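This report concerns a sheet, a helix packed beside others, and a group of aromatic side chains. The sequence and structure are shown first.

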Amino acid sequence: MSADDEAAVLAANRAFYAVFRRRDIGAMRALWARVAPVSCVHPGWPPLIGRDEVMGSWEGILSHPESPAVACRDEKVRMIGKGQALVVLIEMIGDNPLAATNVFVLEDGEWHIVHHQASPLADAAQIPADETGDDAGPPTGTMLH
């Protein structure tokens with residue numbers, strides 16, 4: 001993967017979390033792929049398959065008054081095929097760490113998310129030091145994501 005590809009995937013990943021923090025459903029819709037099939041597994045939820053189900057879940061989460069702020073860190077980009085990449089990272093919701101994976105595809109020259117999955121870590125001591133400098137501030141709220 002070229003440095004430009006990695007930077008573009010990281011920018012798309014960071015945009016996902018920025019949109020999450022802003023609770024902007026229109027921007028969230030724009031980040032998800034329109035052609036490639038999409039899916040999502042929120043912590044404790046069954047798998048959601050298809051754009052309608054996935055977007056419906058985000059509408060509910062982002063419109064909820066206690067929707068949590070989420071910070072991401074320790075992002076690692078991996079190219080998994082031509083025009084396909086994944087980002088493995090740690091999400092922080094307050095003091096609650098989640099291991100997360102975001103999968104991206106290149107559609108119309110832009111990276112769009114096709115899959116998001118997050119799950120709690122069994123041992124918070126396994127969290128690496130913050131390497132991204134995510135400046136979202138300390139997340140608050142309940143774990144709705």
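Strand β1 (residues 39-41) and strand β6 (residues 110-120) run parallel and are joined by three bridges; Cys40 stands opposite His116 in β6. Strands (E, at least two residues) and helices (H or I, at least four residues) are DSSP runs, numbered from the N terminus. The model is predicted: local features need pLDDT of at least 70 and side-chain atom pairs count only at pLDDT 80 or more, whereas totals for chains, interfaces and linings use all residues. Residues are numbered from 1 along each chain as its sequence is written, and side-chain values use heavy atoms, with hydrogens and water left out.

The open sheet has six strands in the order β2-β1-β6-β5-β4-β3, with mixed pairing; two strands pair if DSSP finds at least two bridges between them. Its edge strands, β2 (48-49) and β3 (71-81), each pair on one side only. Helix α1 lies across β3, β4 (84-93), β5 (96-107) and β6, and runs at about 135° to β3. Such angles run from 0 to 180 degrees between N-to-C directions, with axes fitted to C-alpha atoms, for helices over the stretch in contact; contact means heavy atoms within 4.5 Å.

Helix α3 contributes a buried face. Its buried residues (under 20% relative accessible area; exposed is over 50%, partly exposed in between, with a 1.4 Å probe and protein chains only) are Arg51, Val54, Met55, Ser57, Trp58, Ile61 and Leu62. Seen down the axis of α3, these residues fall within an arc of 155°, so they line one face of the helix; the arc is that of the directions from the helix axis to the C-beta atoms. The buried residues pack against α1, α2 (25-31), β1, β2 and β6. On the other side of α3, Asp52 and Ser63 are exposed.

Phe16, Tyr17, Phe20 and Trp58 form one aromatic cluster. Rings of Phe, Tyr and Trp (its six-membered ring) pair if their centres lie within 6.5 Å; planes under 30 degrees apart count as stacked, over 60 as edge-to-face and the rest as tilted.

| Pair | Centre distance | Plane angle | Class |
|---|---|---|---|
| Phe16 and Tyr17 | 4.9 Å | 80° | edge-to-face |
| Phe16 and Trp58 | 5.5 Å | 90° | edge-to-face |

Phe16 is buried at a relative accessible area of 1%, and Trp58 is buried at 0%.
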